[in-house]
Amino acid sequence: MKIKLCLAILFYLFLNITCIGDVNLSTESSNPVILKDRVQKVYVKVNLEGVFIENNKKSRSPINLSVVLDKSGSMSGEKIVHAKNAARMIVQSLGKDDIFSLVLYDNSVSVLIPATKVSDKAQLTKQIDLIKADGGTALFAGVSMGLLETEKFLDSKYVNRIIVLSDGMANVGPSSTAEISELGVAASKQGISITTIGIGEGYNEDLMSNLAYKSDGSHGFAESPEQIAKLLQSEMGQILNVAGKDIIIKIICENGVRPVKIIDYEGSIN
């Protein structure tokens with residue numbers, strides 16, 4: 001005998017959300033039907049989506065954003081040109097109440113633009129023009145400095161983000177996936193999400209994706225330098241239209257349903 005899987009009966013959801021706008025909740029199941037009196041594994045996906053409100057007059061939350069840019073020797077040529085164009089695009093998309101910082105790394109780390117309000121876009125873009133590629137890849141130190149810049153204005157009223165762009169593998173300082181991932185965990189504990197964008201086929205996908213996912217951020221792949229701007233435009237669209245923060249989802253299962261694992265997100269099973 002087969003019975004239809006009804007998610008509304010399978011579990012109850014309780015949400016604790018710092019709301020900026022309205023959100024819709026939906027669920028998806030890996031199995032449209034389940035067999036009665038048999039043990040089966042079912043994957044359940046919970047989706048939260050911001051509601052688009054036409055002509056919405058409400059102001060958005062201010063952004064506290066640090067861009068961490070790999071300017072190692074392998075980024076020379078078209079890669080650094082397109083990365084600089086993308087950084088200029090980010091500056092132009094921000095408002096006067098937003099915070100922006102730009103961290104550069106090669107063999108060492110430097111803060112080209114310390115965390116500051118975006119009041120003089122022309123001056124910020126002039127500083128971006130000076131970037132040149134050279135040296136190794138001190139990814140750990142670069143992300144660590146990005147965290148420090150973000151922490152200067154860390155506040156729950158901001159959307160706190162870091163965007164990391166790199167085309168290579170960490171080869172200066174701590175470089176293992178486990179070590180780099182700890183930075184993602186540290187960021188998540190402070191309410192900072194990290195977006196990572198890997199450029200070209202030579203970058204360490206495992207390292208970059210884990211850094212993002214451990215911070216509840218996202219990871220993208222730019223196969224060619226031209227795709228950097230497209231990925232960042234999409235990312236900035238999401239940052240500028242955040243509908244909720246500090247989301248806690250509590251799932252209470254009915255008798256006969258036992259949770260086993262939470263995938264890709266931090267959580268606990270009691």
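Visitor: Why is aspartate 129 called partly exposed?

Guide: In this predicted model, aspartate 129 has a relative accessible area of 40%. Buried requires under 20% and exposed over 50%, so aspartate 129, at 40%, counts as partly exposed.

Visitor: What makes arginine 88 count as buried, exposed or partly exposed?

Guide: The relative accessibility of arginine 88 is 22%. Since buried means under 20% and exposed over 50%, the value of 22% places arginine 88 in the partly exposed class.

Visitor: How do you know that aspartate 129 forms a salt bridge with arginine 88?

Guide: The closest N and O atoms of aspartate 129 and arginine 88 are 2.7 Å apart. The cut-off is within 4 Å, and therefore the pair is a salt bridge. Aspartate 129 belongs to helix 3 (residues 121-129) and arginine 88 to helix 2, 41 residues apart, so that distant parts of the chain are linked.

Visitor: Why is the contact between arginine 161 and glutamate 235 called a salt bridge?

Guide: Their side chains meet at 3.3 Å, N to O. As the limit is within 4 Å, the contact qualifies as a salt bridge. Arginine 161 is in strand 9 (residues 159-166) and glutamate 235 in helix 7 (residues 227-239), so the pair ties together parts 74 residues apart in sequence. Both arginine 161 and glutamate 235 are buried.

Technical notes. Residues numbered from 1 in each chain as written. Predicted model: local features only at pLDDT ≥ 70, side-chain atom pairs only at ≥ 80, totals over all residues. Heavy atoms only, no water. Helix = DSSP H or I, 4+ residues; strand = E, 2+ residues; numbered from the N terminus. Buried < 20%, exposed > 50% of the residue type's maximum accessible area, 1.4 Å probe, protein only.
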